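Dear colleague,

Here is the structure I promised to hand over. My notes on what was found in it follow directly below.

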Amino acid sequence: MSLESGHGRAVDPEELLLRTDWSSVEHCCPNVAPATPVILRQLLDDDARNQGAALRDLQQAITHQNTFYSATAPAASFVAAILGHPRTLAIVTDKRRGEAHSPEEPGFFLRVALLDWLGSTAEDANEESPDGYAVDIEAFRVLRPTLFEAIHPFLADREPEIRRAALASALPLLTSPVLAHHVEALRKDARALAADESPYRRRAIETLARWGEDVTLFQQGTDMQVHAEGYADDPPF
C-alpha cells in the first residue's frame, strides 16, 4: 500500500523493494542479521520498537564498521526514497525489545536517524580509501545526485532537528562534480552549522575547510584542528 509522503509524493515501499534483486546482493553478516529487504521493510513498521531495531540493523549490517557492501547502495536508494514517508516521523530508539532504555537516552525522529545514516555513509564514500570493494563504493558514489535530490526538501523542514540533519547529510554529497553548483547556495547554512553546538559541527567545519574557507574562528572552543584539505587531527590526550 502506498502512503502519501510529507512532500506530496506517493511512496510505495513494496514497489521500491522490487527494483532490486536482493538475492544478488549481501550485507556484512547474512547468518546473523535479517535479510536487507526485511530490514528496510521494517523501517516502516507500525511499531516504533520494530522501526528502532531495523535502524540498528541498518547501521550494523548494511554499513558494518563503515564498510561498503553490495547491499549498501540499493539500501541507500530505498532509505532516500522513504524519507518523506509519514512513518519516518516516529520517535524511536536503537534498543531492541527487552533491552533496557535509560531515561537519559531520549528517543529521536527516525527521519533524523535515516538522514544521519545517509550522511555518514556519504562521508565514508569520500575517504581516499574507503573500506569495501571498489564496485560497491562506486555504486554508492553514483547515487549522490539522487540522494541529494531526496534530501533537499528537508533543508527547509519545519523541525530544526530535521533541517540540521538534512544539511549535515547533504554536505558530503557535494563532493560530486554534478552537485558542485549547490555549494554557494549552502555556504551560509554550512557556516551557521559550523558555529552551532550540535553533533554536526565537525562535519560542517571540515566541509568549509574543503571549500577553502578559513575555519579558525569556528575551531575556537573545540578540540579539533582542521587542515585545508578538510581532514581533522585526533584530539590530544
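Glu 14 and Arg 41 form a salt bridge whose closest N and O atoms are 2.7 Å apart, a salt bridge being a side-chain nitrogen of Lys or Arg within 4 Å of a carboxyl oxygen of Asp or Glu. Because Glu 14 lies in helix H1 (residues 13–17) and Arg 41 in helix H2 (residues 36–42), the pair ties together parts that are 27 residues apart in sequence. Glu 14 counts as partly exposed at 36% relative accessibility, and Arg 41 counts as partly exposed at 38%; here buried means under 20% relative accessible area, exposed over 50%, and partly exposed in between, with a 1.4 Å probe and protein chains only.

Please keep in mind that this is a predicted model, in which local features need pLDDT of at least 70 and side-chain atom pairs count only at pLDDT 80 or more, while totals for chains, interfaces and linings use all residues. Residues are numbered from 1 along each chain as its sequence is written, and side-chain values use heavy atoms, with hydrogens and water left out.

A search of the whole structure finds 8 salt bridges. Another of them joins the side chains of Arg 187 and Glu 184, at 2.6 Å from N to O; both residues lie in helix H9, 3 residues apart, which is about one turn of the helix. In this pair Arg 187 counts as buried, at 14% relative accessibility, whereas Glu 184 counts as exposed, at 56%. Both residues also belong to a network of salt bridges that links Glu 184, Arg 187, Arg 191 and Glu 213. Arg 201 and Glu 197 form a further salt bridge, with the closest N and O atoms 3.2 Å apart, and here Arg 201 is buried at 11% relative accessibility, while Glu 197 is exposed at 66%.

As for the chain as a whole, it has 11 helices and 6 strands, these being DSSP runs numbered from the N terminus (helices H or I, at least four residues; strands E, at least two). Of its 237 residues, 47% count as buried. Among contacts (heavy atoms within 4.5 Å) with a separation of 6 or more, residues 24 or more positions apart account for 59%.

The largest nonpolar core has 67 residues, and those with the most contacts inside it are Leu 40, Leu 43, Leu 58, Leu 114 and Leu 118; such a core is a set of buried Ala, Val, Leu, Ile, Met, Phe, Trp, Tyr and Cys residues joined through side-chain atoms within 4.5 Å. Helix H5 gives the most to this core, with 9 residues. Leaving aside residues up to four places away in sequence, Leu 118 touches Ala 76, Val 79, Ala 80, Leu 83, Phe 140, Leu 147 and Ile 151.

Leu 147 and Ile 151 are also among the buried residues of helix H7 (residues 144–151), together with Arg 144, Phe 148 and Ala 150.

Finally, the structure holds 0 disulfides, a disulfide being a pair of cysteine sulfur atoms within 2.5 Å.

With best regards
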